[in-house]
Amino acid sequence: MSRSITPYQTSIGPTHPAFKEPIQLVFDLCGETILKANFAPGQAHRGVEWMGTRRNPVQVLYLAERLCGICGITHSLAFARAVEQIAGIQVPPRAHYIRSIACELERIHSHLLWAGVAAHELGFDSLFYLTWRARERVMDLMEAFTGNRVHYALIQIGGVRRDLSEDMILKIKETLDYYAGVYDELRTCLLEDSSVRLRCRDVGILTATEALELCAVGPTARASGVPSDIRRDHPYAAYADVEVTSVLPNQYTGEIRGDVYDRIVVRVLELQQSVKLIRGFLDQLPEGDLLAIPKIMVLLAKLKKAEGEAVGLHEAPRGEVAHYVRMGGAETIAAWKVKASSYSNYMSWVPMLVGEQVADIPIIAASIDPCISCTDRVMLTGGGRNEVWTKEDLTRLSVAKTRRIQAKLKAEG
Amino acid sequence: MRLKANKALGRSLWVYLCNTGSCNGCDIECVALGTSRYDVERLGVKIVGSPRHADVLIVTGPVTRKMEPRLRMIYEQMPDPRFVIVAGVCGMSGGMFYDSYALAGPIDQIIPVDVYVPGCPTRPEAVIHGLSLLLEKLEKMES
Ligand code: SF4
């Protein structure tokens, strides 16, 4: 006897323990299987871009940093790169190197954070504690270097605000040695563990074509076999001086499946890559100035006169970030648009989730490492299809319908 | 009533984290509370997954307009007695985002707040300090 199951709709979020940040996912389900997936971003919209147009470029740097609490360097660097292009400021080589070192340290911290969250979503909490313990080392290092655990205030337009002392270089080297040691442990726990493999293999697949069509970026794209990496494709800061290769999952497993497991592989391998890159940067670290224009008043005066538009690119831990800036010879910037990496990756949720089980939603959603606070600067309104029906809405609609029927009955007498 | 409830609480606090549109900085620092370095569980503090189980709500973020009704909803779901800790300056005053058009906060305009923990972001140690201040406050209320 066959029994037909009626599809139904359910939504997860915006506040849900599986997501650390507010976002809402809406699913059409049939039993346990997902028929259709959609998402409703915008819950964390703070109007940062608009606020940016009321401040001068140096003030915007700190605002840009607070787009996201994970990528403290990412947004300020991308913004600074755009402004430097407009104003024609040449960043000194030592500053380029320090920027790159900080970027890679940030990548280590971000990937470890992600690995912990992913382990937690899988219900593998001991691994969550292990990775977050390892992460504290790089947090300490960043604190010693920049004075803060999260928002570093390191980037200045035309350079960096802090120098790497000999002591600090030693500390960085020690930390790198520590990570080289932890790497094996992490690889065993994350990649060779059979429960992780069972939960993640062939789950949430994104094919290379889909990744290209949906413009996925960063580790999400690389796990599907698309070798895009801004550090390699458009080298900036000090990345042109070292060899950067795109990390693809087949370097470890010998094949590319584009599933959740591959996304873990890419991130774990990138940890090792970052350690290698930082070592390279430290070996070649040139002497010299930190800032192109050290006097802030002179810098502001120059920026006030600058006119034009530019895009600043950066490969964040989650993929490509683009900041578009227009300046029109005024104290404040004229326009600012941020395209965060998760913005490009959201759409890949849809093919990943369709056909999967409800229980796999958290790990699939987490597998693109969504950063919601970065992304929510624009409210998306998509022709009514993105609408979220809250309970109140449904009640209101149902009441309205009853009224209509009543009126009709009355008219018919 | 309140006194009795404090005793019933046994001073072991269960905490629910709520992100109302923060930049993530404070939020992640609060998640770090539960991990091995800071390990608040040794102090009897547990991070739980539902506001219905929680005694304490730690709120981060400046409360965007979209999150405002959610924050109220979460607060209403918590059983009495309930306490609120605000982590981070942007929840206290708007902080970096003070002049934004999209904010409904600060948090104390929406729900009553017991302890403020400043910082942008707050350090996990600071949040632990905030929790201990709350405990002190509870003890004072008891005696
Ligand atoms: S206080 Fe600062 S770090 Fe904390 S959520 Fe607000 S902007 Fe982010």
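Guide: Happy to. Keep in mind that this is a predicted model. For a ligand, begin with its neighbours: here they are Arg66(A) and His151(A) from one chain, and Ser22(B), Cys23(B), Cys26(B), Gly88(B), Val89(B), Cys90(B), Phe97(B), Gly119(B), Cys120(B) and Pro121(B) from the other.

Visitor: How do the residues of the shell divide into nonpolar, polar and charged?

Guide: Seven are nonpolar, four are polar and one is charged.

Visitor: On to the sheet. What holds strands together in general?

Guide: Strands of a sheet pair through backbone hydrogen bonds, in a parallel or an antiparallel way. In chain B you can trace an open sheet of five strands in the order β2-β1-β3-β4-β5, and the pairing is parallel.

Visitor: Why is one side of β2 and of β5 in chain B left without a neighbour in the sheet?

Guide: Because β2 (46–47) and β5 (115–117) of chain B stand at the edges, each has a single partner strand. For β5(B), look at β4 (residues 83–87) of chain B: the two pair in the parallel sense over three bridges. One residue pair to click on is Ala87(B), whose bridge partner in β5(B) is Val117(B).

Visitor: Which strands does helix α2 of chain B touch?

Guide: Helix α2 (residues 25–32) of chain B packs on the sheet and touches β1 (14–19), β2, β3 (56–60) and β4 of chain B. Its direction makes about 145 degrees with that of β3(B). Helix α3 (residues 68–77) of chain B lies across β1, β3 and β4 of that chain, at about 165 degrees to β3(B).

Visitor: Now the backbone. Where should I look for cis peptide bonds?

Guide: Check omega. Asp80(B) and Pro81(B) are joined by a cis peptide bond with omega of about -10 degrees, and Pro81(B) is in the loop between α3 and β4 of chain B. The bond from Cys120(B) to Pro121(B) is cis too, with omega near -5 degrees. Pro121(B) is placed in the loop between β5 and α5 (124–142) of chain B, and both Cys120(B) and Pro121(B) are among the residues surrounding the ligand.

Notes: Residues numbered from 1 in each chain as written. Chains lettered and ligands numbered in written order. Predicted model: local features only at pLDDT ≥ 70, side-chain atom pairs only at ≥ 80, totals over all residues. Heavy atoms only, no water. Near = heavy atom within 4 Å. Nonpolar A, V, L, I, M, F, W, Y, C, P; charged D, E, K, R; others polar. Pairing = 2+ DSSP bridges. Helix = DSSP H or I, 4+ residues; strand = E, 2+ residues; numbered from the N terminus. Contact = heavy atoms within 4.5 Å. Axes fitted to C-alpha atoms, helices over the stretch in contact; angles between N-to-C directions.
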